[in-house]
Amino acid sequence: AIYIDKTYFEFFDVGGQKPERAKWEQVLSEHTFSAIIYFVATDEFDVDDEEKEFERTKMEISRFIFSEIINSNIIPEYVPVILFLNRDDLFQLRMEDSAGFQAFKDTFPEYKGGPTKDEGLAYIKEHFMSVVPNDHPKSNPIKTHNTCALDRESLVVVWRTVREFLLKQALTDIGLFN
């Protein structure tokens with residue numbers, strides 16, 4: 001748990017590694033959650049899966065798991081999902097490096113943007129959001145943030161934003177906010 005602005009946030013890390021995934025359904029069904037927070041390592045767009053579970057990159061696996069969570073019936077439809085595009089500082093360094101930018105274009109041949117952090121992260125955001133069908137029967141609100149997990153000040157701002165998002169969601173649910 002962490003304490004920010006007189007509020008405690010409690011976290012359950014169900015992990016992304018294959019042995020941890022079996023816990024998801026159990027943890028999600030046994031606890032009540034205010035939100036699902038999903039982290040993506042944006043700089044690992046072309047890093048191969050170390051577990052060799054799939055012949056895919058870590059980002060492709062992350063997107064697959066995100067899709068699995070969003071499109072399952074495990075999470076109640078009122079629970080918001082917050083997608084953190086993490087390690088944006090390392091992603092920026094890769095995009096500024098000509099070899100890193102070429103690797104990004106090779107990984108995502110349909111990408112038409114330039115070698116900037118903002119354009120690349122916008123593309124990754126859309127890449128992840130594309131797994132949520134327009135006619136999706138669930139209505140989980142989804143919010144995204146670009147973060148650098150090592151920048152404490154950046155994360156405090158993000159947590160305040162998350163808290164505000166959850167408060168607005170709760171007020172909307174009871175009809176006091178539109």
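These legends describe close-up views of a predicted model. Local features need pLDDT of at least 70, side-chain atom pairs count only at pLDDT 80 or more, and totals for chains, interfaces and linings use all residues. Residues are numbered from 1 along each chain as its sequence is written, and side-chain values use heavy atoms, with hydrogens and water left out.

**View A. Phe66 and its contacts.** Phe66 belongs to helix 2 (residues 58-70). Helices (H or I, at least four residues) and strands (E, at least two) are DSSP runs, numbered from the N terminus. The relative accessibility of Phe66 is 1%, so Phe66 counts as buried. Buried means under 20% relative accessible area, exposed over 50%, and partly exposed in between (1.4 Å probe, protein chains only). Leaving aside neighbours within four places in sequence, Phe66 is in contact with Tyr38, Val81, Leu83, Phe128 and Val131. Contact means heavy atoms within 4.5 Å. Val132 lies 66 residues from Phe66 in sequence, yet their C-alpha atoms are 9.4 Å apart.

**View B. The two faces of strand 3.** In a regular strand the side chains alternate between the two faces of the sheet. Strand 3 (residues 36-41) has Ile36, Tyr38 and Val40 on its covered face. Ile37, Phe39 and Ala41 make up the uncovered face. Strand 3 runs parallel to strand 4 (residues 81-86), and six bridges join them. Two strands pair if DSSP finds at least two bridges between them. Ala41 has Asn86 as its bridge partner in strand 4.

View C. The whole structure holds twelve aromatic pairs. Rings of Phe, Tyr and Trp (its six-membered ring) pair if their centres lie within 6.5 Å; planes under 30 degrees apart count as stacked, over 60 as edge-to-face and the rest as tilted. Phe39 is partly exposed at 41% relative accessibility. Phe84 is buried, at 0%.

**View D. Phe104 against Tyr123.** Their ring centres are 6.1 Å apart and their planes stand at 80°, so this pair is edge-to-face. Phe104 is in helix 4 (residues 98-107) and Tyr123 in helix 5 (residues 117-129), so the pair ties together parts 19 residues apart in sequence. Phe104 is buried at 0% relative accessibility. Tyr123 also counts as buried, at 17%. Ring pairs link Phe104 and Tyr123 into a cluster with Phe45, Phe91, Phe101, Phe108 and Tyr111.
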